[in-house]
Amino acid sequence: MTGQKKDNGLNRRDFLKAGGMGALALTLGSTGVMGLGSKALADAPDNPTSGFGGYGPLVPDPNGILDLPKGFHYKIISKEGDLMTNGSKIPGAFDGMAAFEGPDNTTVLVRNHELGAGPAFGSSPYDAAAQGGTTALVVGANREVLKEYVTSSGTIRNCAGGATPWGTWLTCEETRSETHGYVFEVDPQQPENELSRTPIKEMGRFSHEACAIDPATGYVYLTEDASPSYFYRFIPNDTSQQPGSLQKGGKLYAAAIEAVTDPSASTFKTGQTFKIVWKELDPHLCREDAAAQNCIQFSRLEGAFFQEGVFWFDDTSAGDKKLGRIYRYIPHTNTLELFYEGNDAREMEYPDNICCTPWGDLWYAEDGAGQDRLMGITPEGKVYPFAANRLSNSELAGPTFSPDGNTLFINIQSPGKTFAIWGPFQRRNTARAREMSFAAPANLAPNVSKEMAKAAEAQGMSVLEAAAFERHGIKMS
């Protein structure tokens, strides 16, 4: 997640609220039907500790490190330069993370280190001349670290990645060379091993950012931190969803929109949905193939998360004001939508890592805004802050919740610090998470003629799609 300083304008945003689902009921595979209507959520009391709509204003941290809402607390559980269990120093450049259930009521965190060339910090590296990799922290019920060790090493700029449904971590290299630019699978409960130093080459050689897996199919969706960047899908040969199954190869694709001559996503408008076609790529030359096949070009993709049938991802410097965008892709309908665009720096400023909360909101960590924040969006479209980093020139990274949902873990990248945060978090709410997955931006239906509406119906598409195609020069009526 290479940070970029950008214009810092504070124009008031024309915020487009994401409306509730109302009576809409959608089924994705085995997920079932939504059980919590938007009216019930809208009628929830708007108090600072409800969690539905945020937790109130941030309270300045007397230590000058991390501002949080009233009632929340943090503990720094790991710091760059301190010692791991084996006595070696904890490497720096803390980045993406995931949390897994461990033995004896512990949480096992796996943490990326976005480091470049130099001597490897582990004992069994992929490349002895590369400093990147991953470490793990075994955290007890009292939020104290019981053990800290290396889980992979010898890679370059391990930025983000993604947790697998089978309990491993996919760590991604944000670089591209003849021998680097790959995804590696890491078992968070094991030190370095053959699995952790084996690149999954058929998942593509490019400047990876993040990835997430659809548990219904085992397909992997990936983002690229480059400019332009592409949105990728990997279909494994082995979809058994077991450790090592991805190393058995598969096919890599990039997203495109059929019959659109201009592939730039910069023309997308909030609320537009597009049917996707997937173009197969040579994994070693995937960028070249994606460009040649007119695949969608994004500005610079960053974080990714899969929850309740939806793959969420963001574009950190996209939009009319270059403040960032959030997209969602729904595999069940094969549709891509621009869900949210930042138009006011008070509500979005360069989103990077993202996660979904146990109660259903979408959270994004900012990168490059000076005082970076952890921000949330509710299914009803309210944007709110949860944390603010008071340390200048150091981004927030890797937000992830413990399996029980009671603790948030997050990093400050440099000098590296890992935080455990707890307080009156809302309980897990699957129904509300489904609300988030399918909440549609409100009042965005285009003004279309009867002829266009009729043509859209005849083609089996929405008026939004028809209007989008006409905007791209493809006449529908």
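Visitor: Which residue lies over the face of Tyr149?

Guide: In this predicted model, Lys147 lies over the face of Tyr149, at 5.3 Å from the ring centre.

Visitor: And what lies over the face of Phe94?

Guide: Arg111 takes that place, at 3.9 Å from the ring centre of Phe94.

Visitor: How many aromatic pairs does the structure hold?

Guide: The structure holds 33 aromatic pairs. One of them joins Phe231 and Trp278 edge-to-face, with 5.3 Å centre to centre and 65 degrees between the planes.

Visitor: Where do Phe231 and Trp278 lie?

Guide: Phe231 is in the loop between β12 (220-224) and β13 (232-236), and Trp278 is in strand β16 (residues 277-281). The pair therefore ties together parts that are 47 residues apart in sequence.

Visitor: Is Phe231 buried or exposed? And Trp278, buried or exposed?

Guide: Phe231 is buried, because its relative accessible area is 1%, under the 20% limit for that word. Trp278 counts as buried too, at 15% relative accessibility.

Visitor: What about the rings of Trp359 and Phe425?

Guide: The ring centres of Trp359 and Phe425 are 5.8 Å apart and the planes stand at 25 degrees, so this pair is stacked. The pair links distant parts of the chain, 66 residues apart. Trp359 is in the loop between β21 (351-356) and β22 (362-366), while Phe425 is in the loop between β27 (417-422) and α3. Trp359 is buried, with a relative accessible area of 0%, and Phe425 is buried at 12%.

Visitor: Which residues form the aromatic cluster?

Guide: One cluster is formed by Tyr221, Phe231, Phe268, Phe274, Trp278, Phe298, Phe311, Phe313, Tyr327 and Tyr329. Phe231 and Trp278, the edge-to-face pair, are thus among its members.

Visitor: Back to β16. Which sheet is it in?

Guide: Strand β16 is part of an open sheet of five strands, in the order β11-β12-β13-β14-β16, with antiparallel pairing. β11 (208-213) and β16 stand at the edges, each with a single partner strand, so one side of each has no neighbour in the sheet. From one strand to the next, the twist averages 30 degrees.

Visitor: How many bridges pair β14 with β16?

Guide: Strand β14 (residues 250-256) pairs with β16 over five bridges, in the antiparallel sense. Leu252 has Leu281 in β16 as its bridge partner.

Visitor: What is the order of the sheet that holds β20?

Guide: That sheet is open and has five strands, in the order β15-β20-β19-β18-β17, again with antiparallel pairing. β15 and β17 (301-307) are at the edges with a single partner strand each, so one side of each is left without a neighbour in the sheet. Neighbouring strands of this sheet are turned by 20 degrees against each other on average, direction ignored.

Visitor: Which residues face each other across those strands?

Guide: Strand β15 (residues 273-275) is joined to β20 by three bridges, and Lys275 stands opposite Thr335 in β20. Strand β19 (residues 325-330) pairs with β20 over six bridges, where Arg328 has Glu337 as its bridge partner. Strand β18 (residues 310-315) pairs with β19 over five bridges, and Asp315 has Arg325 as its partner there.

Visitor: What lies between β19 and β20?

Guide: The two strands form a hairpin with four residues between them. In the turn, Asn334 has a positive phi of about 55 degrees.

Visitor: Why is β20 described as largely enclosed?

Guide: Seven of the seven residues of strand β20 (residues 335-341) are buried, so the rest of the structure largely encloses it.

Visitor: And how many residues of α3 are buried?

Guide: Eight of the nine residues of helix α3 (residues 430-438) are buried, so this helix is also largely enclosed by the rest of the structure. Among the buried residues are Arg432, Arg434 and Glu435.

Visitor: New topic: where is Ser394?

Guide: Ser394 is in the loop between β24 (383-389) and β25 (396-401). Ser394 is buried, with a relative accessible area of 5%.

Visitor: What is Ser394 in contact with?

Guide: Leaving aside neighbours within four places in sequence, Ser394 is in contact with Asp372, Asn389, Ile412, Gln413, Ser414 and Pro415. A polar atom of the Ser394 side chain lies 2.5 Å from the backbone oxygen of Ser414.

Visitor: How far is Ser394 from Ala93?

Guide: Their C-alpha atoms are separated by 9.7 Å, and the two residues are 301 residues apart along the chain.

Note on methods
Residues numbered from 1 in each chain as written. Predicted model: local features only at pLDDT ≥ 70, side-chain atom pairs only at ≥ 80, totals over all residues. Heavy atoms only, no water. Buried < 20%, exposed > 50% of the residue type's maximum accessible area, 1.4 Å probe, protein only. Contact = heavy atoms within 4.5 Å. Polar contact = N/O pair within 3.5 Å; in protein donor to acceptor, adjacent residues only side chain to side chain. Pairing = 2+ DSSP bridges. Axes fitted to C-alpha atoms, helices over the stretch in contact; angles between N-to-C directions. Phe/Tyr/Trp six-rings, centres within 6.5 Å; stacked < 30°, edge-to-face > 60°. Lys NZ or Arg CZ within 6 Å of the ring centre and 35° of its normal.
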